[in-house]
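Me: I am new to this structure and would like to go through it step by step. Could you show it to me?

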Amino acid sequence: MGHFVTAGGCSNSAKSMITSEIPMASAPELKSRTTLLSVRKVAKQFGKNVVLKEISLEVAEGEFLTILGESGSGKTTLLRIIAGFEKASAGEVWMGEDRLDLQPPYRRRVNTVFQNYALFPHLTVEQNVAYGLRVAKRPESEIASRIAEALEKVKMSAHAKSKPSKISGGQQQRVALARALVNRPRLLLLDEPLSALDANLRRQMQVELKALQREVGISFIFVTHDQEEAMVMSDRIALLRSGELEQVATPREIYGRPATAYAAQFIGHTNLLKGDVKSGVVCCGDLTWTSDRPDGPVLFSLRPENIRLLSQTASLPTLVRVQGKVVAQAFHGATELIRVQCAGGLVLVVRAPASTSPLDEVLLAFSPIDAIPVTKSAERI
Amino acid sequence: MSSTARISNSNWLFLHAVCVFAFLYLPIAVLILYSFNREGVGGFPPHHLTLDWYRTLFGDGPMWDSVLNSLQVAAVAMAISLALGIPAALALDRAQFPGKALFRRLVLLPLILPGIITGLSLLMLFNLTNTKLSLATIILGHGTALISVATTEVFAGLQKLDRSQEEASLDLGANYWQTFWRITVPNLKLPIIGAALLIFTLSMDEIAVSFFLIGRDNTLPLEIWGRLRRGITPEINAVSAIIFVFSLVAIVLWYRLRVRGEGQPDVGTEITAAAEGQMV
């Protein structure tokens, strides 16, 4: 059980739930899945303030999609349009053969876990979970068994009779999850549900939530501003910036092959190299390497871990090399981030195994294939 | 040195507080005391305590009729002001309509207007429409004047309500009507009960508006007022003491509900309460 325990506090195995069912390395099979939700050219403006510009996005059956973006990027608005709390100014939302955006929220087979959980304070945990079923007038015997099952799934059976104000934030979160899932929605929307939790609990809940999603097989749309959270949990990430989609791809793809400078910078650290291509040769300041790119200005993203520190004597002809002086070292445990002032004014950040001694003059090298060309993101607000 | 100065300073403040308190409550204390005095309103300090005045009071038919009239008026006026005030509060909180800011101020107007004006204008209206003055007209008068209490109390409750709870309810399949009854109303329970208590109390001892709209049947305050013209009787002291106790209980209940519902009443509601006090 201990092998996927993260650096934080989830080593307390008695607390962590369903952890044993987590598949380790899991590249989800998405290609064969059918589309569940289709967002078509959805735009939204409040007065003159444009929040979303023609967003098109598809979510597959059973997919865990994360909408990632800074605050003000429009991610919560997009979620609220799907849930039915906001009306889109333009565009359509479809679920299978149904036009979703014309239906009131209570007709949509979509449930939401709210950022502040929005549990009903005057009802017990059990009554909160039963709410949807009671409104739908299910028989009481069915309600009882489904509540029991849902509370069991989130390990909250012991608190069934408590009022929401008497349980902790993490527990409230689980109740909110149970309250939504008990209705067997086709799609679950989660609006930054982990943002109120402390770091350790948060990491634990990321793992649990992901496992739960696998178990129930319901599509999740998860909204967050935390890129690390998005990477850990998602099948795909939709990166939203100022109301437009920057890139939609799997975490590995978006990290390994960011489409834009913004994507490269927002997800993980990166070095952006501005250069020029002239007849098959790239020039970035003092750095040069050959490339088959067409002539013209170009922008590269080079991840810090793809730059190596070389001993002075090494000679590897395929690598681009540059001499530099270390200006800062930030210790991160297993690795450290080293800021290097290179010849020609270029500053590179390098991720290297933590060294025992301070560094001064270093020789850096990287392979040209790790320099990923990205488009310069349009300047927006 | 400075600490002794501070101590004597705080002693003065304490004395001042005692004086203010005495100024406010001594008359009421004397009234209650006299209601137990065998010699009636004369003779201080009272030598013999008695419950005779209460006995007389309980045998006084017209007085009890007026109490029943007042209870009836208060109950119906409460229902009317809540029925009209709660939707008004909802409109203020949720709806966007032209003139909303104006409406918000106008709805408070009956609180601030002297009761004479409300009473007089209603009297003119009833004259114009040839309506016979009766308890019904008093009920309408109280209902009108006290809508603003219901609206302000419930509006304050709505402002503190977490809207995402209502969204959660819609999200879980409840339509707007179900959401209102299952989520909004239970969360407004305290402000609604508080408003009801306050309206009831205010209506019970309202004079100014009632005075203009009275028909053949007296309300309790008007009955008392009528008898006072023939001189103060200890019986009136007794009925006043009873009213005082009931009002006190209602106000304490209202205040405690309010504190429980909102932590601490804020300055705005204190002012509202003060304005409401002024109206009585």
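Predicted model: local features only at pLDDT ≥ 70, side-chain atom pairs only at ≥ 80, totals over all residues.

Me: In what order do the four strands of the open sheet in chain A come?
Reply: The order is E2-E1-E4-E5, with antiparallel pairing. Strands are DSSP runs of E of at least two residues, helices are runs of H or I of at least four, and both are numbered from the N terminus. Two strands pair if DSSP finds at least two bridges between them.

Me: Which are the edge strands?
Reply: They are E2 (49–60) and E5 (98–99) of chain A, each of which pairs on one side only.

Me: How many bridges join E4 to E5 in chain A?
Reply: Two bridges join E4(A), residues 90–95, to E5(A). A:Trp94 has A:Arg99 in E5(A) as its bridge partner.

Me: Changing topic, how many residues of chain B are in contact with chain A?
Reply: 15 residues of chain B are in contact with 17 residues of chain A; contact requires C-beta atoms, placed from the backbone, to lie within 7 Å.

Me: What gives the most to that side of chain B?
Reply: H8(B) does, with six residues.

Me: At what angle do H8 and H9 of chain B pack?
Reply: H8(B), residues 163–171, and H9(B), residues 176–187, pack at about 140°, with their axes 10 Å apart. Axes are lines fitted to C-alpha atoms, for helices over the stretch in contact, and angles run from 0 to 180 degrees between N-to-C directions. H8(B) is therefore oblique to H9(B); angles under 35 degrees count as roughly parallel, over 145 as roughly antiparallel, 65 to 115 as roughly perpendicular and the rest as oblique.

Me: Which residues meet there?
Reply: B:Gln165, B:Glu166, B:Ser169 and B:Leu170 in H8(B) meet B:Thr179, B:Arg182, B:Ile183 and B:Thr184 in H9(B).

Me: And how far apart are the axes of H3 and H7 in chain B?
Reply: The axes of H3(B), residues 61–94, and H7(B), residues 135–160, are 5 Å apart, and the angle is about 40°. H3(B) and H7(B) are therefore oblique to each other.

Key
Residues numbered from 1 in each chain as written. Chains lettered and ligands numbered in written order. Contact = placed C-beta atoms within 7 Å.
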